[in-house]
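I opened this model with my notebook beside me and jotted down what I looked up. Here are the entries, in the order I made them.

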Amino acid sequence: MEKPSKIAPAKGKLGVLLPGLGAVSTTFMAGVELVRKGKAQPVGSLTQMGAIRLGKRTDARSPLIKQFVPLADLKDLAFAGWDIFKDNAYQSAANAGVLNPQDLEKVKPFLSTIKPMKAAFDRDFVKLLDGPNIKKGKNKYELALQLKEDIANFRKASRASRLVTCWCGSTESFVKPEEVHSTPEKFVEAMKSNHPAIAPSMLYAWASITSEVPYANGAPNLSVDIPALQTLAHDHNVPICGKDFKTGQTLMKTILAPGFKARMLGLDGWFSTNILGNRDGEVLEDPGSFKTKEESKLSVLEYILQPKLYPQLYGKLFHKVRINYYPPRGDNKEGWDNIDIFGWLGYPMQIKVDFLCRDSILAAPIVLDLVLFLDLAKRAGMRGIQEWLSFYFKSPMTAPGLYPEHDLFIQSMKLKNTLRWMKGEELITHLGQEYYD
Ligand SMILES: NC(=O)c1ccc[n+]([C@@H]2O[C@H](COP(=O)([O-])OP(=O)(O)OC[C@H]3O[C@@H](n4cnc5c(N)ncnc54)[C@H](O)[C@@H]3O)[C@@H](O)[C@H]2O)c1
């Protein structure tokens with residue numbers, strides 16, 4: 001891809017479309033509003049708090065990212081969403097129980113105005129949920145056209161100059177890429193014939209891309225990660241990215257594992273278990289949805305540790321991930337990791353991590369950054385898979401034939417170098433020989 005010659009300014013409103021008005025999306029919207037009102041800090045958001053070094057270490061140039069690249073201002077964000085339940089964003093946030101009542105009260109008038117549009121839903125993909133706020137149509141193609149209409153109506157009603165969609169819906173059952181996912185034409189035919197491999201999230205992705213709206217996938221299901229939609233994204237000049245927000249336990253894994261590998265410490269086993277009691281946890285009780293999540297969580301270590309390259313260190317690694325639905329904890333997940341490592345001469349050691357984490361508190365700033373960066377990418381003329389946003393995902397999407405980069409520190413370097421590249425600044429390699437000339 002060529003370097004953007006210019007980036008269009010972030011003028012006017014940016015409309016944010018959220019399939020799924022659950023814990024993550026309501027925590028995101030409530031947080032944006034609290035920050036806009038000056039009542040909270042956007043902690044965890046690179047676009048709001050991060051700085052970027054430019055030039056040499058001696059140049060002392062480290063502007064905030066939002067001053068370096070033209071990002072939409074939080075005051076210009078407008079929101080809409082779809083859900084299978086009729087609760088408005090305030091009721092849904094209260095039900096999710098992530099934010100305390102005092103914080104929610106401060107944004108109640110704002111959240112109460114966000115009422116979910118009817119969802120394109122199929123119980124075959126989320127077996128443990130059912131709700132009344134669902135579109136009707138002859139086939140999946142009709143549902144997708146209705147989603148396009150929703151997008152057009154929101155564009156008009158919000159007077160947004162640009163839109164971005166971020167899937168915050170439940171994890172759908174595991175589906176493998178099939179022939180019907182291979183080209184835009186076959187995909188449309190499959191929607192028309194109600195093919196069972198066309199998931200609802202794919203309908204949202206199709207409707208967004210064909211409406212020229214960038215699309216991020218926060219869940220591990222395929223959604224936009226199929227050739228048909230990638231071809232469309234390319235043809236419609238739409239940036240896309242996914243899959244599965246990197247929060248909690250996997251975030252810790254991609255922080256720790258690169259450290260062990262950098263020091264050439266071996267690993268015999270990594271056992272991860274979680275308890276969580278939110279709706280996401282309930283959905284993951286279904287083996288189909290869990291399999292989608294499991295695939296996403298397991299692949300991380302394989303790619304970071306490269307056991308084929310280092311068979312003595314990682315060739316026999318036993319990696320297990322468990323998620324247990326445990327309602328008393330709500331959204332406050334607890335994730336345990338038992339890591340069996342070995343050092344010099346093969347002597348064993350153990351590391352235990354007990355992360356009392358807040359899932360949606362970690363996910364909300366990711367939604368914000370993805371929305372702002374996808375909008376930036378679109379204005380910069382970038383299209384198709386945005387691998388530089390791998391930083392935010394458990395299963396980063398890549399071009400066919402490329403393995404994903406999971407190491408958080410490489411991902412962070414890649415993201416920042418992409419911003420430098422977009423603005424024509426020198427890339428930073430950290431070589432630094434010039435300081436010793
Ligand atoms: N919370 C995290 O830290 C985290 C991390 C990584 C990924 N995720 C993923 O993000 C997604 C959202 O997580 P959450 O905690 O907000 O879950 P949630 O259950 O609170 O919210 C998901 C919402 O999506 C709705 N929904 C399901 N199918 C839909 C459809 N077809 N159209 C419209 N709405 C639909 C559900 O009714 C629900 O309200 C999940 O897929 C989850 O796996 C979350």
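**Entry 1: Glu 295**

I began with Glu 295, which lies in helix H13. Helices (H or I, at least four residues) and strands (E, at least two) are DSSP runs, numbered from the N terminus. Before going on, I noted that this is a predicted model, where local features need pLDDT of at least 70, side-chain atom pairs count only at pLDDT 80 or more, and totals for chains, interfaces and linings use all residues. Residues are numbered from 1 along each chain as its sequence is written, and side-chain values use heavy atoms, with hydrogens and water left out.

On a 1 Å grid over the protein atoms alone, a pocket is an open set of points with protein on both sides within 12 Å along at least five of seven lines, a cavity is a set of points where a 1.4 Å probe fits but cannot get out, and lining residues have an atom within 4 Å of a point. Grid points are joined across faces, edges and corners, and a volume is the space filled by probe spheres set on the points.

Which helix gives the largest share of the lining? H13 does, with five residues; helix H10 (227-235) also supplies at least two. By class I noted 18 nonpolar, ten polar and five charged residues. Here Ala, Val, Leu, Ile, Met, Phe, Trp, Tyr, Cys and Pro count as nonpolar, Asp, Glu, Lys and Arg as charged, and the others, Gly among them, as polar.

I then picked out Pro 177, found in the loop between strand E4 (160-167) and helix H8 (184-192). Pro 177 counts as exposed because its relative accessible area is 54%. Its C-alpha atom is separated by 8.7 Å from that of Pro 227, 50 residues apart along the chain.

**Entry 2: strand E4**

Seven of the eight residues of E4 are buried. Two strands pair if DSSP finds at least two bridges between them. Strand E1 (residues 13-19) runs parallel to E4, joined by five bridges, and Leu 17 stands opposite Thr 165. Strand E5 (residues 215-217) also pairs with E4 in the parallel sense, over three bridges, and there Trp 167 has Asn 217 as its bridge partner.

The largest pocket holds about 810 Å³ of space. Its lining has 49 residues, with Ala 23, Cys 168, Gly 169, Ser 170 and Asp 280 nearest the centre. I counted H13 among the elements that each supply at least two lining residues, along with others including helix H1 (23-36) and helix H15 (359-379). The classes here are 24 nonpolar, 14 polar and eleven charged.

How many cavities of 30 Å³ or more does the whole structure hold? My search gave one, and the largest cavity has a volume of about 40 Å³. Its lining is Leu 21, Asp 83, Phe 85, Asp 87, Ser 92, Pro 116 and Arg 279.

**Entry 3: the four-stranded sheet**

I finished with an open sheet of four strands, in the order E8-E7-E9-E10 with mixed pairing. Strands E8 (318-325) and E10 (348-356) are at the edges with a single partner strand each, so one side of each has no neighbour in the sheet. Phe 271 stands opposite Asn 338 in E9.

Key: Buried means under 20% relative accessible area, exposed over 50%, partly exposed in between (1.4 Å probe, protein chains only).
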